[in-house]
Amino acid sequence: MSRSVLITGGNRGIGLATARRFAELGDRVAITHRTGAAPAGLMAVTCDVTDTAQVDQAFKEVEEAHGPVEVLVANAGITRDGLLLRMDDDALTSVIDTNLIGPVRVARRALKGMLRAKGGRIVLISSTVAMRGEVGQSNYAASKAGLIGLARSLAREYGSRGITVNVVAPGLTDTDMAQQLSEDQRAALIEQIPLRRMAAPPEIAATVAFLASAEASYITGAVIPVDGGGGMGH
């Protein structure tokens, strides 16, 4: 059956690939975006996940068009890299507010409808960096690691109501974020990956779609790495 699916940060990269995957499955897909153009063929609403009022308004628009959100993918995220001693408070708080508190806001709003429906799927997009760490990304790693604790707490709180909450942890993926790295930086990171390449966004999207499927109905509180083996041992 066609479901109401909402993906935050869905206008490019992993978010857009995930939106396209759900649309191919026949779902009613909406995405949020803060900046940039809205992708063709998908419902798009402007929303800054650091603003609770904007989150609520985005959900209202999606609910009016597609019905209550049955599948939520919290994907919106930013980076502001730097060594901690040189990192100012704004770089710390903006990353944590977007990458961690943002998913808290959207999950809290989605749960209202999911509780009434006695079911739902929430997938949080974390990162392999959350488990292995990375030089210059202490703020990003901390924000993404927090999603694991969030998902597992929500899995315990709402599992009895038919709601699953899982985490996908991508490794280095061919997105705009990866293109900000120099060729030498990308090459060094790829050298650490057993499969010796970056992921393609559709490969991440396939895992997200699986976790939202009926086949994954008994999976909750899980962290699924999609990283070419780069995070093994964590």
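Which residues touch the most other members of the largest nonpolar core? In this predicted model, local features need pLDDT of at least 70 and side-chain atom pairs count only at pLDDT 80 or more, while totals for chains, interfaces and linings use all residues. Residues are numbered from 1 along each chain as its sequence is written, and side-chain values use heavy atoms, with hydrogens and water left out.

A nonpolar core is a set of buried Ala, Val, Leu, Ile, Met, Phe, Trp, Tyr and Cys residues joined through side-chain atoms within 4.5 Å, where buried means under 20% relative accessible area, exposed over 50% and partly exposed in between (1.4 Å probe, protein chains only). The largest has 32 residues, and those touching the most other members are Leu6, Phe59, Leu72, Val106, Ile122, Leu124 and Val165. Apart from it lies another core, of 21 residues, including Leu16 and Val168.

Helix H1 spans residues 13-24, helices (H or I, at least four residues) and strands (E, at least two) being DSSP runs numbered from the N terminus. Its buried residues include Leu16 and Phe22, and the buried residues of H1 pack against strands S1 (4-7), S2 (28-33), S4 (71-74) and S6 (163-170) as well as helix H8 (201-211), contact meaning heavy atoms within 4.5 Å.

Ten salt bridges are found in the whole structure, each a side-chain nitrogen of Lys or Arg within 4 Å of a carboxyl oxygen of Asp or Glu. One of them joins Arg105 and Asp97 (2.9 Å, N to O); Arg105 is buried at 13% relative accessible area, whereas Asp97 is partly exposed at 23%. Asp56, Lys60, Glu63 and Arg109 are linked in a network of salt bridges.

Definitions and conventions: Expected span 1.5 Å × (residues − 1).
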